Amino acid sequence: MRSTLTPKTVRRLLAADGFLDLDMPAEAIAELDRITDAGPLEGPRRLLLGIALKASGRMDDAIRNLELAARIMPSPDRKSTPLNSSHQIISYAVFCLKKK
C-alpha cells in the first residue's frame with residue numbers, strides 16, 4: 001500500500017510546530033500522535049516528536065525519535081551524505097542529554 005500525503009497531516013505537523021513555538025510540548029506530542037500515516041513526512045514528524053519529547057523531559061523517547069528521523073530524512077545538502085545528516089540529528093540528541 002502506498003502512502004499519500006494528506007492536508008490533515010500537513011495541518012497537524014504545522015500545529016505541532018506552532019505548539020512547540022509556544023512552549024506547549026504536550027499539545028505538540030498529542031497532535032503528532034494523532035497522525036496515523038505521515039507518508040513522506042514521517043521524518044519531520046519524528047524530528048518534531050523528538051524535540052517535543054525532549055522539551056517534556058522524556059530524553060530516552062526523544063533520542064529514539066531523533067535517531068529514527070536521522071535514518072528517514074534525506075540530506076538537505078546534496079554534497080553531504082546521509083551519514084552526515086544523521087550525525088547532525090544524533091548530535092542534537094546528545095546535546096539534549098547534556099542539557100538534562
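I take a salt bridge to be a side-chain nitrogen of Lys or Arg within 4 Å of a carboxyl oxygen of Asp or Glu.

**Entry 1, ground rules.** I am working on a predicted model, in which local features need pLDDT of at least 70 and side-chain atom pairs count only at pLDDT 80 or more, while totals for chains, interfaces and linings use all residues. I number residues from 1 along each chain as its sequence is written, and side-chain values use heavy atoms, with hydrogens and water left out.

I looked up the secondary structure and found five helices and zero strands, where helices (H or I, at least four residues) and strands (E, at least two) are DSSP runs numbered from the N terminus. Read along the sequence, the pattern is α-α-α-α-α. I then checked burial, with buried meaning under 20% relative accessible area, exposed over 50% and partly exposed in between (1.4 Å probe, protein chains only); of the 100 residues in the chain, 32% are buried. Taking contact as heavy atoms within 4.5 Å, I noted that 47% of the contacts between residues at least 6 apart in sequence join residues at least 24 apart.

Asp-61 pairs with Arg-58, the closest N and O atoms being 3.2 Å apart, and Arg-58 is partly exposed because its relative accessibility is 41%. Asp-61 also pairs with Arg-64, here with the closest N and O atoms 2.2 Å apart. Arg-64 and Asp-61 are about one helical turn from each other, because they lie three residues apart in helix H4 (residues 59-72); Arg-64 is partly exposed, at a relative accessible area of 45%.

I next followed Arg-12, whose side chain meets that of Glu-31 in a salt bridge (3.1 Å, N to O). This pair links distant parts of the chain, with Arg-12 in helix H1 and Glu-31 in helix H2, 19 residues apart. Glu-31 has a relative accessible area of 14% and is therefore buried. I also recorded that Arg-12, Glu-31 and Arg-34 are linked in a network of salt bridges.

For axes I use lines fitted to C-alpha atoms, for helices over the stretch in contact, with angles running from 0 to 180 degrees between N-to-C directions. Helix H3 (residues 42-55) packs with H4 at an angle of about 160 degrees, their axes 8 Å apart. H3 is therefore roughly antiparallel to H4, given that angles under 35 degrees count as roughly parallel, over 145 as roughly antiparallel, 65 to 115 as roughly perpendicular and the rest as oblique. Among the residues making the contact are Leu-47, Gly-50 and Leu-53 of H3 and Ala-62, Leu-66 and Ala-69 of H4. The contact residues divide into 10 nonpolar, three polar and four charged, where Ala, Val, Leu, Ile, Met, Phe, Trp, Tyr, Cys and Pro count as nonpolar, Asp, Glu, Lys and Arg as charged, and the others, Gly among them, as polar.

The axes of H1 and H3 come within 11 Å and cross at roughly 25 degrees, so H1 is roughly parallel to H3. Here Leu-13, Asp-17 and Leu-20 in H1 meet Arg-45, Leu-48, Ile-51 and Ala-52 in H3; by class these are five nonpolar, no polar and two charged.

Asp-23 counts as exposed because its relative accessibility is 64%.
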